[in-house]
Amino acid sequence: MLDGFHQNFNYFFDGLGLRRMYANRSEPMRLETQHGYGQISRCVPRQDMNIVLSDMVFHKKYELALRTDEPMIELNFCLSGTREIHTQDKTYRFEPGICTLQFIRHAEITFDFVRNEPYHMLGIGIPVSTFHHFMEDGEGHCALHFDDVMQEEMLKIFQEKMDPASLIMLNQLSADLCSKKLTNLKAESKVLELLNKAVSTFFSPKSESSFTVEDLHKLEQAAHIMTVQMAEPPSLPKLAKMIGMNEHKLKVSFKGRYGVTVFAYLKERRLEHALELLIMGELNVYETALAVGYSNPGHFAEIFKQRYGFAPKQVLKR
């Protein structure tokens with residue numbers, strides 16, 4: 001099974017004309033052919049996981065036909081360069097800043113690469129058995145099954161814009177891969193964080209069928225209020241009064257709709273906005289903390305590091 005999983009990636013490498021030495025091990029590969037040039041790094045932190053960092057340019061429009069031998073799940077991040085993939089009946093577009101989660105049963109696809117356009121992409125692949133293992137809860141139940149996602153389709157693609165936190169993680173992972181000093185432990189931990197974030201984004205446990213249209217509108221209003229007033233958010237009783245819902249129902253319904261409590265939701269929005277402000281570089285750490293509702297910059301720095309794995313000042317330095 002794992003041989004077929006690795007072969008999925010080998011078709012890609014061989015189709016580009018890369019000189020690879022191994023069938024299932026980490027290695028850097030140079031692209032130096034009549035089609036183009038660049039560097040492709042393959043990292044195999046464990047035998048059921050592939051990370052592929054591609055940095056390449058094609059001299060002319062290039063089509064690459066591929067197939068898959070083994071069903072798999074692939075998470076792809078497009079950092080630069082626009083490309084398309086074609087199946088028998090559909091065309092999908094991969095653009096910079098887009099995260100793509102692909103469920104692949106047995107697909108025959110064609111990649112279209114544009115002439116003289118730099119491509120910088122990072123892909124993460126795992127076989128279906130590993131995906132099911134990751135989706136298993138403490139009672140042995142699979143929270144998300146491959147067949148339930150696929151139905152009768154051969155290829156299922158979900159796309160979303162990358163958030164700032166994922167972009168920073170990707171830049172760190174790319175730099176580590178290029179340095180060739182990345183341990184398997186560190187690579188795997190970063191991959192699991194990215195996979196968890198993607199699955200949470202595309203398959204949130206929330207269900208809207210249990211809410212009335214009026215309740216959904218009120219809950220969305222509550223989420224909007226906490227986001228736009230994050231610097232000085234209302235208390236829970238006040239928020240309930242603002243949207244016309246009793247406090248107990250607000251607490252229960254909000255968690256059912258968004259998967260977290262009102263103030264956990266607020267905390268996440270605060271940290272996301274703080275990251276955006278720091279990336280822009282117009283505010284220092286103290287000013288950023290105040291802008292998102294934290295009067296104590298030390299406390300802000302502590303929870304920011306817990307959430308993202310690095311201090312706020314490190315973002316400003318980057």
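The model is predicted. Its secondary structure comes to 12 helices and 11 strands.

**The chain as a whole**

- The C-alpha trace spans about 65 × 45 × 35 Å along its principal axes.
- The chain has 318 residues, and 47% of them are buried.
- Take the contacts in the chain with a separation of 6 or more: residues 24 or more positions apart account for 67% of them.

**The seven-strand sheet**

- Strands of a sheet pair through backbone hydrogen bonds, either parallel or antiparallel.
- Seven strands make an open sheet in the order S1-S2-S3-S10-S5-S8-S11, and the pairing is antiparallel.
- Strand S1 (27-32) and strand S11 (155-161) stand at the edges; each has a single partner strand, so one side of each lacks a neighbour in the sheet.
- On average, neighbouring strands of this sheet are turned by 15° against each other, direction ignored.
- S1 and strand S2 (residues 36-46) run antiparallel and are joined by six bridges.
- Leu31 stands opposite Gly38 in S2.

**Helices on that sheet**

- Helix H1 (residues 2-15) lies across S1, S2, strand S3 (49-58), strand S5 (72-80) and strand S10 (119-127).
- H1 runs at about 5° to S3.
- Helix H4 (residues 164-179) also packs on the sheet, where it touches S2, S3, S5 and S10.
- The direction of H4 makes about 90° with that of S10.

**Ser41, a residue of S2**

- Ser41 is found in strand S2.
- Is Ser41 buried or exposed? Ser41 is buried, because its relative accessible area is 10% and the cut-off for buried is under 20%.
- Leaving out residues up to four places away in sequence, Ser41 touches Glu27, Pro28, Ile51, Val52 and Leu53.

**The four-strand sheet**

- A second open sheet holds four strands in the order S4-S9-S6-S7, with antiparallel pairing.
- Its edges are strand S4 (62-67) and strand S7 (91-94); each has a single partner strand, so one side of each is left without a neighbour in the sheet.
- Neighbouring strands here are turned by 20° against each other on average, direction ignored.
- S6 and S7 form a hairpin, with four residues between them.
- Strand S6 (residues 83-86) pairs with S7 in the antiparallel sense over four bridges.
- Within this pairing, the bridge partner of Ile85 is Tyr92 in S7.
- S6 also runs antiparallel to S9, and three bridges join these two strands.
- Glu84 stands opposite Asp112 in S9.
- Which residues form the covered face of S6? Arg83 and Ile85 form the covered face, while Glu84 and His86 make up the uncovered one.

**Ala107, a buried loop residue**

- Ala107 is found in the loop between strand S8 (98-104) and strand S9 (108-113).
- Ala107 counts as buried, because its relative accessibility is 7%.
- Not counting residues up to four places away in sequence, Ala107 touches Leu66, Arg67, Thr68 and Met154.

**Two loop residues with positive phi**

- Asn116 is not a glycine, yet it has a positive phi of about 55°.
- Asn116 lies in the loop between S9 and S10.
- With a relative accessible area of 46%, Asn116 is partly exposed.
- Gln151 has a positive phi of about 55° and is not a glycine.
- Where is Gln151 placed? Gln151 is in the loop between helix H3 (146-150) and S11.
- Gln151 counts as exposed, because its relative accessibility is 53% and the cut-off for exposed is over 50%.

Conventions: Residues are numbered from 1 along each chain as its sequence is written. This is a predicted model: local features need pLDDT of at least 70, side-chain atom pairs count only at pLDDT 80 or more; totals for chains, interfaces and linings use all residues. Side-chain values use heavy atoms; hydrogens and water are left out. Buried means under 20% relative accessible area, exposed over 50%, partly exposed in between (1.4 Å probe, protein chains only). Contact means heavy atoms within 4.5 Å. Two strands pair if DSSP finds at least two bridges between them. Axes are lines fitted to C-alpha atoms, for helices over the stretch in contact, and angles run from 0 to 180 degrees between N-to-C directions.
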